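Keep the model open as you read.

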Amino acid sequence: MTRKRDHHLSTIVLSGLLFLLSNTSLGAERLLLATQLWPPYQTYDHGNMGGIAVERVQCALQRMQQPYRFTMTRWDKAQLLVESNRMDGFFTGSNNASRNKYAVMSTPVINEELTWFMAPDVTLDPEEESAKYQARYGAKFNSTKWLYLKKNGYNVVKKPRDADVLLQMLWQGDLDVALEYTGVFEHSIKKLGIPMDYFQRAHHSNKDLGVHFSRQFLKLNPAFLNTFNSAMERCKKSSL
């Protein structure tokens with residue numbers, strides 16, 4: 001691959017870095033991908049990165065014999081690094097108009113259910129028009145979910161930084177309804193020792209989550225995305 005590199009990249013990566021996971025094979029130029037700590041999809045435990053999304057992206061790149069480096073950082077920074085062409089992509093995230101301006105999403109790495117989680121005493125339908133104004137809604141601050149709620153007129157009252165804080169707000173009565181991916185919220189519920197059936201649930205939608213590759217990177221490497229997508233599909237089948 002050929003690509004012009006930002007000479008400030010190493011400083012930015014190190015300053016915002018939790019850790020790096022590297023494939024040290026030689027050959028093609030190393031692919032730089034940013035991600036966030038987002039269990040159970042992207043995890044960090046005793047110095048090791050893991051989770052189903054990390055493992056599948058690794059699998060695809062190893063099938064391609066593509067050297068890579070993953071940087072774990074804040075989610076907003078991960079996206080900014082790609083938007084400013086200082087990294088080649090970020091994962092895993094859903095498709096939206098803002099990201100489409102500077103990146104292209106791969107074939108899905110995972111497909112996850114997006115669920116309304118409601119306090120036990122809540123009796124309203126979270127998607128009814130009247131409920132938007134009566135109930136107190138929450139989602140991870142500045143995420144696609146949080147922006148969706150704001151854009152569609154829901155009464156968003158909090159700015160939780162992650163799923164654990166969102167869960168605590170719902171548990172403590174600061175929120176009536178939380179919108180989060182089922183696997184992510186169940187991970188937080190289990191971690192905090194709350195009974196899995198404590199909250200009411202209602203299906204919202206299913207979302208594809210993938211790797212978002214920089215449009216500039218793909219312009220310089222036009223065959224990359226199709227090759228990655230094919231490798232990812234094989235990795236998903238092998239992990240079933």
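Contact here means heavy atoms within 4.5 Å. The model is predicted, so local features need pLDDT of at least 70, side-chain atom pairs count only at pLDDT 80 or more, and totals for chains, interfaces and linings use all residues. Residues are numbered from 1 along each chain as its sequence is written, and side-chain values use heavy atoms, with hydrogens and water left out.

Start at Leu33. Leaving aside residues up to four places away in sequence, Leu33 touches Val57, Leu61, Arg69, Phe70, Thr71, Met87, Asp88, Gly89, Phe90, Phe91, Val211 and Phe213. Leu33 also belongs to the largest nonpolar core, which has 58 residues. Such a core is a set of buried Ala, Val, Leu, Ile, Met, Phe, Trp, Tyr and Cys residues joined through side-chain atoms within 4.5 Å. Buried means under 20% relative accessible area, exposed over 50%, and partly exposed in between (1.4 Å probe, protein chains only). The members that touch the most others are Leu33, Val57, Leu61, Phe70, Phe213, Phe224 and Phe228. Another core lies apart from it, with 10 residues, among them Ala34, Ala78, Val82 and Tyr102.

Helices (H or I, at least four residues) and strands (E, at least two) are DSSP runs, numbered from the N terminus. In strand S2 (residues 31-35), 5 of the 5 residues are buried, so S2 is largely enclosed by the rest of the structure. Leu31, Leu33 and Thr35 cover one side, Leu32 and Ala34 the other.

Which strands flank S2? Two strands pair if DSSP finds at least two bridges between them. S2 pairs in the parallel sense with strand S5 (residues 68-72) over 5 bridges. There, Leu33 has Phe70 as its bridge partner. S2 also runs parallel to strand S6 (residues 89-93), joined by 3 bridges. Phe91 of S6 is the bridge partner of Thr35.

Next comes helix H3 (residues 75-83). Its buried residues are Trp75, Lys77, Ala78, Gln79, Leu81 and Val82. Asn85 follows H3, with a positive phi near 60 degrees.

Finish with the covalent link. The structure holds 1 disulfide, a pair of cysteine sulfur atoms within 2.5 Å. It joins Cys59 to Cys235, S to S 2.1 Å. Cys59 lies in helix H2 (residues 52-63) and Cys235 in helix H10 (residues 224-239), so the bond ties together parts that are 176 residues apart in sequence. The S-S torsion is about -90 degrees, so the disulfide is left-handed. Cys59 is partly exposed at 22% relative accessibility, whereas Cys235 is buried at 2%.
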